[in-house]
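Biologist: I would like to learn how to read a model of this kind feature by feature, with the general idea before the particular case. Could we begin with a helix and work outwards?

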Amino acid sequence: MTSRQTRILLAARPDGAPRLEDFEVTSAPIPEPGAGEVLVRTLYLSLDPYLRGRMGSSASHSSSTPPVALGAVMEGGAVAEVVRSEDPHFGPGDVVSAATGWQEYGVVAATAVRRVDPDEAPVSTALGIRGMPGLTAYGAIREIGRPQRGETVVVAAATGAVGSLAGQMARLAGARVVGIAGGERKAAWLREAGFDVALDHRDPAFETRLAEATPDGIDVYVENVGGRVWQAVWPRLNRHARVPVCGVAAAYSTTSTRVDTDVAGLMSGLVTRSITLRGFVFSDFEHLRPTFEREVADWLRSGAVSHHEDIVDGLANAPAAFLGMLAGEHLGKRLVRVSAGSGS
Ligand SMILES: NC(=O)c1ccc[n+]([C@@H]2O[C@H](COP(=O)([O-])OP(=O)(O)OC[C@H]3O[C@@H](n4cnc5c(N)ncnc54)[C@H](OP(=O)(O)O)[C@@H]3O)[C@@H](O)[C@H]2O)c1
């Protein structure tokens, strides 16, 4: 094993959309694990929209946790392989999910890692459909959306890690599902995955297309983006509609502090139409994890749901891959393959 590794630091706080200059690729010594810790080698790094919030000042759009310090390693979840363990529960070769950040090797507390079984499914899925985004979608649908047979469900960012599972779960529940995504390649994937209608939010006639696609109104809206999509959905929400608010990706890189919607109008609409609008973080649904893991494993085995991974090779390409993810260039779950691991 070499003694040095590549790491990517946060070099500057972006104003608006992040740029490549906001990151710095550096070399540093590989750290040593202490008692109760493990040294892991990153296999796959997860690129998620919430990381944009971590790059900003404390007034983050997407998170209540502190931002990444300037000059510190960028945060991020990963699937990694244990290289050295100073904890009796883990040994070399074990695969775990861990918040290693954007680096080749990391030292993490053994209590902060979760074991990943490489025999069950490709380990990368622990960052997508079987991981944090999957649990987000699962809780959004099971606990908040609760779609019923024959209802109309609309999903924003519908090909993403969260939206793709949420939409397919709604379809399995017997709902009619309208997926919204950017561009024809994504629309084609939605149709293949069984969405009843695929709409492009970049279409100048998007609002009209949404109205045509939801003649009976909208019963459940899975909010992932906000902005123009929310503005089009809001007037079409039915009485007793449910809106799980996963995130508002369209707002993460804006510099404006303006609130899109008139708050009094929003509240009065919630009251008169008895609408449930509920924000959450995925960890609110930790109690669902056992059923989530079992059901998703069954769906993947039977082919009841499909998922797509968009993998970029090489840690040095993480900044560009992250910028592309925020712009929606990816399809499915965006990951960076950092190393192959000893088992490959
Ligand atoms: N609450 C939680 O605990 C939790 C956990 C995970 C994720 N989330 C949130 O869930 C959402 C989806 O996450 P994900 O990981 O699955 O990401 P994702 O959908 O793979 O990526 C974000 C997508 O947002 C869309 N987007 C960005 N700007 C937009 C705009 N102005 N108008 C319309 N669409 C826009 C793009 O899709 P198109 O190409 O289709 O436009 C982009 O691909 C995000 O808001 C994320 O922050 C929340």
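Biologist: Which residues of helix α9 are buried?

Modeller: A residue is buried if 20 or more other C-beta atoms lie within 10 Å of its own, exposed if 12 or fewer, and partly exposed in between, with C-beta atoms placed from the backbone. Helices are DSSP runs of H or I with at least four residues, strands are runs of E with at least two, and both are numbered from the N terminus. In helix α9 (residues 318-327) the buried residues are A318, P319, A321, F322, L323 and M325. An α-helix has 3.6 residues a turn, so residues three or four places apart point the same way. This is a predicted model, in which local features need pLDDT of at least 70 and side-chain atom pairs count only at pLDDT 80 or more, while totals for chains, interfaces and linings use all residues. Residues are numbered from 1 along each chain as its sequence is written.

Biologist: What covers the buried residues of α9, and which residues does F322 touch?

Modeller: Two residues are in contact if their C-beta atoms, placed from the backbone, lie within 7 Å. By that rule the cover of the buried residues of α9 includes the strands β1 (4-10), β2 (23-29), β3 (37-46), β14 (309-313) and β15 (333-337), together with helix α1 (50-55). F322 counts as buried because it has 28 C-beta neighbours inside 10 Å, and, leaving aside residues up to four places away in sequence, F322 touches L47 and L51. After α9 comes G328, with a positive phi near 85°.

Biologist: Where do residues other than glycine have a positive phi, and are they buried or exposed?

Modeller: A157, which is not a glycine, has a positive phi of about 45°, and A157 sits in the loop between β8 (152-155) and α3. A157 counts as buried because it has 28 C-beta neighbours inside 10 Å. H240 also has a positive phi, near 70°, but H240 belongs to strand β12 (residues 237-245) and is exposed, with 10 other C-beta atoms within 10 Å.

Biologist: Which domains does the assignment give, and how many residues does each bring to the contact?

Modeller: Domain bounds come from an automatic or database domain assignment, which here gives domain 1 (4-128 + 308-337) and domain 2 (132-300). The contact takes 19 residues from domain 1 and 18 residues from domain 2. For composition, Ala, Val, Leu, Ile, Met, Phe, Trp, Tyr, Cys and Pro count as nonpolar, Asp, Glu, Lys and Arg as charged, and the others, Gly among them, as polar. On the side of domain 1 that touches domain 2 there are six nonpolar, nine polar and four charged residues. The C-alpha centres of domain 1 and domain 2 are 27 Å apart.

Biologist: How many residues surround the ligand, and which are the closest?

Modeller: A residue is near a molecule if its C-beta atom, placed from the backbone, lies within 6 Å of it. Here 30 residues surround the ligand, and the closest are G160, G182, G247, A250 and G328. The elements that give two or more residues to this shell are α2 (132-145), α3 (161-172) and α6 (227-233). The shell comprises 17 nonpolar, 11 polar and two charged residues, and it draws at least three residues from each of domain 1 and domain 2.

Biologist: How many helices and strands does the protein chain have?

Modeller: The protein chain has nine helices and 15 strands, and buried residues make up 44% of its 344 residues.
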